[in-house]
Amino acid sequence: MSLLNFDTISDFKIYLEEQIQYQKNNLENISKKVGEQLRNHEKELEEDKEFLAIKEKLEEKSNEKKSKSKKQSSINWIKYDSINLYNGMGIKGELELYFKDIEKLKSLLVKLDSTKQSLDTLISKGLKNNLKCLVFEDECFELVLLKMTQEPRKKFSFKKGFSVQTQFEKPLFSESVIR
């Protein structure tokens, strides 16, 4: 969660594009690490049921593409106050953390891409780029648009002159007639 301030809508759009690229690179790097770990430890973990289950899930996900299932973690995780500890040796705990990070990054990329598309749609429908914006980033982006001005707004004034011809039928005040 964070509060972000941008001088223009274009700056916010650039921020989204940079974040999308950064997270894609991060996802690619983590995926490479997972692939290396799986290849390096495949022989020693061939007989491990948990490892085979993880590998099976990976193959299913690559075939089905985005099949949403409930997140399952192994029974080796122990809760201690606000920390979860992995009770075991080997690579399985590390792989589980990598997979959690991959899922989180994929979710974040979907959110960022959706926000960018929504912003593009708003701009195409007439949202001006010269507006300042204040953005709260949490589950979704909450955006407040502020008018961008270099000088303070002037007060309203009416600058049209007019005149009225006077017609004296009766004096309004008796004193005004005497003088």
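User: Hey, quick one to start: where is the place of Asp81?

Analyst: Asp81 sits in the loop between strand 2 (77–80) and strand 3 (83–86). Keep in mind that we're looking at a predicted model.

User: OK, and is Asp81 buried or exposed there?

Analyst: Asp81 has 63% relative accessibility, so it counts as exposed. The cut-off for exposed is over 50%.

User: What about its backbone, what phi does Asp81 have?

Analyst: Asp81 has a positive phi of about 55 degrees, although it is not a glycine. Strand 2 and strand 3 form a hairpin with 2 residues between the strands, and that's where Asp81 takes this phi.

User: How many bridges join strand 2 to strand 3?

Analyst: There are 4 bridges between strand 2 and strand 3, and the two run antiparallel. To pick out a pair, Ile78 stands opposite Leu85 in strand 3.

User: Let's zoom out. How many helices and strands are in the protein?

Analyst: The protein has 4 helices and 5 strands. If you walk along from the N terminus, the order of elements is β-α-α-β-β-α-β-β-α.

User: And which strands make up the open sheet, in what order?

Analyst: That open sheet has 3 strands in the order 1-4-5, and the pairing is antiparallel. Strand 1 (2–6) and strand 5 (141–146) are the edge strands, each pairing on one side only. On average, neighbouring strands in this sheet are turned by 15 degrees against each other, if you ignore direction.

User: What holds strands of a sheet together in general?

Analyst: Strands in a sheet pair through backbone hydrogen bonds, and they can do that parallel or antiparallel.

User: Switching to helices. At what angle do helix 1 and helix 3 cross?

Analyst: Helix 1 (residues 9–41) and helix 3 (residues 92–124) cross at roughly 155 degrees, and their axes come within 9 Å. Angles over 145 degrees count as roughly antiparallel, so helix 1 and helix 3 are roughly antiparallel to each other.

User: What's the handedness of that crossing, left or right?

Analyst: The crossing of helix 1 and helix 3 is left-handed. Sorted by class, the contact between them has 18 nonpolar, 6 polar and 10 charged residues.

User: Now one from helix 3. Is Lys116 buried or exposed?

Analyst: Lys116, which lies in helix 3, counts as buried because its relative accessibility is 18%. Apart from neighbours within four places in sequence, Lys116 is in contact with Leu16, Glu17 and Ile20.

Conventions:
Residues numbered from 1 in each chain as written. Predicted model: local features only at pLDDT ≥ 70, side-chain atom pairs only at ≥ 80, totals over all residues. Heavy atoms only, no water. Axes fitted to C-alpha atoms, helices over the stretch in contact; angles between N-to-C directions. Parallel < 35°, antiparallel > 145°, perpendicular 65-115°, else oblique. Left-handed = near helix turned anticlockwise from the far one by under 90°. Nonpolar A, V, L, I, M, F, W, Y, C, P; charged D, E, K, R; others polar. Buried < 20%, exposed > 50% of the residue type's maximum accessible area, 1.4 Å probe, protein only. Contact = heavy atoms within 4.5 Å. Pairing = 2+ DSSP bridges.
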